[in-house]
Amino acid sequence: MNPAFVPAAIVAGTALSYLAAILIGIPALVPVLNVVPGFPFMVASLRRGQVGQAIWRMLVWAAAVGVCATAISYFWTAEAGRIFLRGEAYRREMFEFVQTGRGAEGDIHAFLPQHLLHAGAFCVLAVPSGSTLAMPLGAFLMNYMAYYVGALGSASTHPWRAMALAWVPWAVIRIASFVTLGVVLSGPLLARVLRFEYRLRDQRRWIWLALAGLAADVVLKWALAPSWREMIRAAAGW
């Protein structure tokens, strides 16, 4: 395929993965189906030694996941609540935070262990599986975040403003960092299985960039979550 058409193919395939997920109706399969459209293009880039291109392609995929899952959750909230694992529980948690300020989102002692757990699990799954397990975990995390955002929009006075604010900048940085780690850490196993050259030590700059992003996520969330909550609440009309 012409490389210029790859982003469009990833976006279209990701959108179709949600249609397939709704038709199949098995929530546990949704993150797996989501990963299928982007993963082969990532592998193709890695096989050519183009790690930056592989990361870029999976960032396009992550953006498509976020947009598609948010749109489904906004327009068909009830259906999204059935297919996105942990979606409803996370929505309740975040609605309470937006309305009252109570909850893990604004408490570093509560959210930091969760962030470390998610990042650690993602990396542990990425290395031995070539990210075939890590990327679905990432899709799972994004889907329930997107469900909250879409449900917030459907319950808001100014839905588009509320949804734009609800995709907080530190979450976007976290997603980009996870994607970068997922691509880079997939290389050793994929290289062995598919017989191409790949040295993890040559990717240290990507790893450090991703780790810096995860650190920035924590700092920004700690510093900005309380005041950002007020902007979301105002846009929601609560």
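A cavity is a set of points, on a 1 Å grid over the protein atoms alone, where a 1.4 Å probe fits but cannot get out; lining residues have an atom within 4 Å of a point. Grid points join across faces, edges and corners, and a volume is the space filled by probe spheres set on the points. This is a predicted model: local features need pLDDT of at least 70, side-chain atom pairs count only at pLDDT 80 or more, and totals for chains, interfaces and linings use all residues. Residues are numbered from 1 along each chain as its sequence is written, and side-chain values use heavy atoms, without hydrogens and water.

**Largest cavity**
- The whole structure holds two cavities of 30 Å³ or more.
- By class, the lining has 27 nonpolar, four polar and six charged residues. Nonpolar covers Ala, Val, Leu, Ile, Met, Phe, Trp, Tyr, Cys and Pro; charged covers Asp, Glu, Lys and Arg; the others, Gly among them, are polar.

**Second largest cavity**
- The volume of the second largest cavity is about 30 Å³.
- P27, V30, P31, I83, F84, L85, F140 and N143 line the second largest cavity.
- Seven of the lining residues are nonpolar, one is polar and none is charged.

Conventions: 1 Å grid on protein atoms, 1.4 Å probe; cavity = no way out; pocket = protein on both sides within 12 Å on 5 of 7 lines; lining within 4 Å.
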